Amino acid sequence: MLAKVDTGKVIEVKRFNILENDTVYFVTQKCYALISQSFFSIVEKLTNNEALPETNEHWTRKPYTRKELDALCEITEEHSKEEMELRIKATTYDKPWAFINFNERKFYLKD
């Protein structure tokens, strides 16, 4: 493990399809199930003193920052209806995180 996030060697990759109607919540649940599988597989290798696997995968971008997520959550009047819907879908977990700024105040969307 390296000190900087998402810079070390990639030891395992699991991919899955994301359907058009999948929500952020549903995608995270798929991720959690695969993370759990990977965790137990890796712990078993460590317990048996086996070498960790290495993939040919490399990090292709730096992790998103909180500032970038906040920018994605913001909906402005310049956004098309389609862009607004995409932003709402991309940032809704258990509740919408999307917001509108008005007179220096944030107004969050509600279900």
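Trainee: Where is His 79 found?

Mentor: His 79 sits in the loop between α2 (66-73) and α3 (81-91). Helices here are DSSP runs (H or I, at least four residues), numbered from the N terminus. This is a predicted model: local features need pLDDT of at least 70, side-chain atom pairs count only at pLDDT 80 or more, and totals for chains, interfaces and linings use all residues. Residues are numbered from 1 along each chain as its sequence is written, and side-chain values use heavy atoms, leaving out hydrogens and water.

Trainee: Why is His 79 called buried?

Mentor: Buried means under 20% relative accessible area, exposed over 50%, partly exposed in between (1.4 Å probe, protein chains only). His 79 has 18%, so His 79 is buried.

Trainee: What makes the pair of side chains His 79 and Arg 87 a polar contact?

Mentor: A polar contact is a pair of N or O atoms within 3.5 Å; within protein, one must be able to donate a hydrogen and the other to accept it, and residues adjacent in sequence count only if both atoms are side-chain atoms. The two side chains make theirs at 3.4 Å.

Trainee: Why is Ile 11 called partly exposed?

Mentor: Its relative accessible area is 25%. Ile 11 is in the segment before α1.

Trainee: How far apart are Ile 11 and Glu 54?

Mentor: They are 43 residues apart in sequence, and 4.3 Å apart in space, C-alpha to C-alpha. Glu 54 is also one of the residues in contact with Ile 11 (heavy atoms within 4.5 Å).

Definitions and conventions
Helix = DSSP H or I, 4+ residues; strand = E, 2+ residues; numbered from the N terminus. Lists of a residue's contacts leave out its neighbours within four places in sequence.
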